[in-house]
Amino acid sequence: MAIGLTFAGATRVVGVFGDPVEHSCSPQMHNAAFQAMGLDWVYLAFRVAHEHLHSAVKAVRALNMPGVNVTVPHKVAAVPLVDRLSREAEQTGAVNTMVNENGILTGHNTDVEGFLRCARGAGVTLGGQRVMVLGAGGAARAVVAGLAQVGAAQVVVANRSPHRAAEVAELGNRLAGHAFAGPCELTAEALKQADEGISVFIQTTSVGMYPDVGGALPLPWELVGPDTWVVDLVYNPPRTRLLALAEQRGARCVGGVEMLVQQGAASLELWSKREAPVPVMREALVAALEGVANGGG
Ligand code: NDP
């Protein structure tokens with residue numbers, strides 16, 4: 001992609017550390033933002049193997065980078081490598097953004113803010129609601145931390161591996177300061193039993209993600225209707241099979257693209273201390289995802 005910047009002596013490098021990382025669309029999204037902001041920065045994807053993460057983080061300081069994003073599988077391993085943690089990074093035990101200020105690295109987790117901005121923007125009410133979170137990985141931890149922040153009434157965490165559902169529910173209870181979350185098995189029967197009064201379903205597993213787009217978790221479909229929100233964090237494809245099924249039942253649906261945009265915008269604002277050009281980032285991300293779906297990327 002031509003980004004219209006002339007790299008020179010003052011150009012600063014930002015990026016993402018992951019493994020694999022080749023299919024990340026964050027470079028397109030952030031480079032479009034830098035151009036719109038007139039920032040002489042470039043964003044690159046770095047494939048960093050687990051054993052090199054420590055050296056890569058040292059390089060952020062050594063190369064005077066404004067910061068980096070950290071993605072799968074390094075979000076938890078990055079925690080002890082920074083000098084300070086934001087409240088959200090400490091709460092979730094995961095870092096997706098590092099900010100370098102004069103060699104001092106602060107670890108943030110903008111997935112929490114990204115999720116909350118996305119929900120607010122779509123008009124999803126979370127405060128006072130009963131919410132079901134499907135999955136108990138890193139994304140689920142960010143979602144549950146967000147739900148605790150905005151005062152969701154009750155949260156059911158359903159996951160394939162029950163011990164992880166219990167851990168995430170416990171995390172939610174600790175953050176909320178009272179018993180607001182409980183685990184549930186990820187079976188149609190158990191979900192149906194736990195469903196009473198649930199108004200928001202949040203799908204945080206990798207099921208349905210490109211290239212295995214045919215997958216969809218079991219939902220208690222008879223309880224999904226026009227009064228229900230279904231949020232799927234998977235962003236590739238933008239409209240997952242789960243969302244297509246939920247739409248057929250008249251549910252109000254939100255896909256993962258907007259959360260990805262909003263977590264990226266929150267990271268950019270931390271690095272640059274300026275407002276992020278969200279529409280530009282959204283447009284660039286959607287175009288990049290279309291490229292991946294068409295076999296590019
Ligand atoms: P993790 O690897 O931390 O967690 C994966 C989760 O998916 C676990 O709960 C795992 O269950 C579950 N899972 C995986 N395969 C299956 C399956 N076949 N059946 C049932 N459950 C399954 O990943 P993350 O939490 O970091 O990411 C999860 C998804 O969220 C990804 O698609 C990612 O792209 C997306 N995401 C989107 C963001 C956005 O901004 N839109 C931000 C962050 C993530 P188990 O514990 O049993 O293994």
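This is a predicted model: local features need pLDDT of at least 70, side-chain atom pairs count only at pLDDT 80 or more; totals for chains, interfaces and linings use all residues.
1. Which cysteine is 12 Å, sulfur to sulfur, from Cys-118? The closest cysteine sulfur to that of Cys-118 belongs to Cys-253, and 12 Å is too far for a bond. Cys-118 is also buried, with a relative accessible area of 5%.

2. A disulfide is a covalent bond between the sulfur atoms of two cysteines. For the assignment, the two sulfur atoms have to lie within 2.5 Å. On that cut-off the model has 0 disulfides. Cys-25 takes part in none, as the nearest cysteine sulfur, in Cys-118, is 17 Å away.

3. Pro-238 sits in a loop, with strand E11 (229–232) on one side and helix H8 (241–248) on the other. Is this proline buried, exposed or partly exposed? Its relative accessibility is 45%, so Pro-238 is classed as partly exposed.

4. Leaving aside residues up to four places away in sequence, Pro-238 is in contact with Leu-243, Gly-255 and Val-257. Between Pro-238 and Phe-7 there are 33 Å, C-alpha to C-alpha, and the two are 231 residues apart along the chain.

5. How many residues surround the ligand? The shell holds 23 residues, and Ala-139, Asn-159, Arg-160, Ser-161 and Arg-164 are the closest. Sorted by class, 11 of the shell residues are nonpolar, 9 are polar and 3 are charged. Two helices, H5 (138–150) and H9 (257–272), each contribute at least two residues to this shell.

6. A backbone N or O atom of Ala-139 is 2.8 Å from a ligand oxygen. Arg-164 places a polar side-chain atom 2.8 Å from an oxygen atom of the ligand. At Gly-256, a backbone N or O atom lies 2.9 Å from a ligand nitrogen. The ligand taken alone exposes 920 Å², of which the protein buries 79%.

Key
Residues are numbered from 1 along each chain as its sequence is written. Side-chain values use heavy atoms; hydrogens and water are left out. Buried means under 20% relative accessible area, exposed over 50%, partly exposed in between (1.4 Å probe, protein chains only). Helices (H or I, at least four residues) and strands (E, at least two) are DSSP runs, numbered from the N terminus. Contact means heavy atoms within 4.5 Å. A residue is near a molecule or strand if one of its heavy atoms lies within 4 Å of it. A polar contact is a pair of N or O atoms within 3.5 Å; within protein, one must be able to donate a hydrogen and the other to accept it, and residues adjacent in sequence count only if both atoms are side-chain atoms. Accessible areas come from the Shrake-Rupley method with a 1.4 Å probe; for residues, only the protein chains shown count as cover. Ala, Val, Leu, Ile, Met, Phe, Trp, Tyr, Cys and Pro count as nonpolar, Asp, Glu, Lys and Arg as charged, and the others, Gly among them, as polar.
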